[in-house]
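Q: I'd like to learn how to read a protein model. Can you walk me through one?

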Amino acid sequence: MKKVIYYEMDLSTEIEIVGTYPQVDVPQKYFKVPNNFETLSVRSFPETNPNLENFVFKRAAKLTDVLSSHMLHSSIGVFVDKKFKDLIENFYVKNFQIYNCSLIAADKNFAQQLAENHYFFLNLIYANEILDFSQSVFEDLKTDEIVKIDNEEQRAPFLRPVKLFLKEIPDLFRSPFNIALLVSESLKKTLEEANISGILFKEYKNNEFYIEE
């Protein structure tokens, strides 16, 4: 078996980078709009594309390639620009949809930049089907015992993943049993070399990942 290192992709909060956090706000009366982002989840894709129009780029915010928003942090997805979108198209992204969206800004300079640099909304859902449960290992938090289960339905909330075996190794996916967005070493390197702004990385240590060699 071979250990696979993944990195958690989080959103920047430093004021010198993002200006204000979060950078994007919902439009006025947005929650009364049919098919608003409440139709999005981490478990399944909506039957109808969500309405992601006229989100507000806040006056104090700075433009980055990935934008933070009030949309439940990154638990359902993130706003990304064309540069980010084009980069990940060359990698294996698991269980994702990219939706069109629009951003508006009070500042004319930002309004022009937003018109020239289109943003999208990247929604990722759980990819637990890539797990090999027969080899994965969990810890029973009630008894501290190490246990194994046969499938996802057998996993109770008190069973913490310790070693998860993968059937495949995507470059970007949502962590099983967690909302973290996980990035491979190769994709992390590519994003850093491209100076993608608005994100930061830390090695994911909630559990270990392995794959058969």
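A: Let's start with a term we'll need: contact means heavy atoms within 4.5 Å. Keep in mind that this is a predicted model. Here, helix H4 (residues 185–193) lies across E2, E13, strand E14 (181–184) and E15.

Q: At about what angle does H4 run to E14?
A: H4 runs at about 90 degrees to E14.

Q: In what order do the 4 strands of the open sheet come?
A: Two strands count as paired if there are at least two bridges between them. In this model the order is E13-E14-E2-E15, with antiparallel pairing. From one strand to the next, the twist averages 35 degrees.

Q: How many bridges join E2 to E15?
A: Strand E2 (residues 6–11) is joined to E15 by 5 bridges, and the two run antiparallel. You can look for Met-9, which stands opposite Phe-201 in E15.

Q: How do I read a pocket, and what volume does the largest pocket have?
A: The general idea is to roll a probe the size of a water molecule over the atoms, which shows where empty space is left. The largest pocket here has a volume of about 170 Å³.

Q: Which residues line the largest pocket?
A: Among them are Tyr-6, Ile-169, Pro-170 and Ile-211. Strand E1 (2–4) and H4 each supply at least two lining residues, and E1 gives the most, with 3. By type, the lining divides into 6 nonpolar, 2 polar and 3 charged residues.

Methods. Residues numbered from 1 in each chain as written. Predicted model: local features only at pLDDT ≥ 70, side-chain atom pairs only at ≥ 80, totals over all residues. Heavy atoms only, no water. Axes fitted to C-alpha atoms, helices over the stretch in contact; angles between N-to-C directions. 1 Å grid on protein atoms, 1.4 Å probe; cavity = no way out; pocket = protein on both sides within 12 Å on 5 of 7 lines; lining within 4 Å. Points joined across faces, edges and corners; volume = space filled by probe spheres on them. Nonpolar A, V, L, I, M, F, W, Y, C, P; charged D, E, K, R; others polar.
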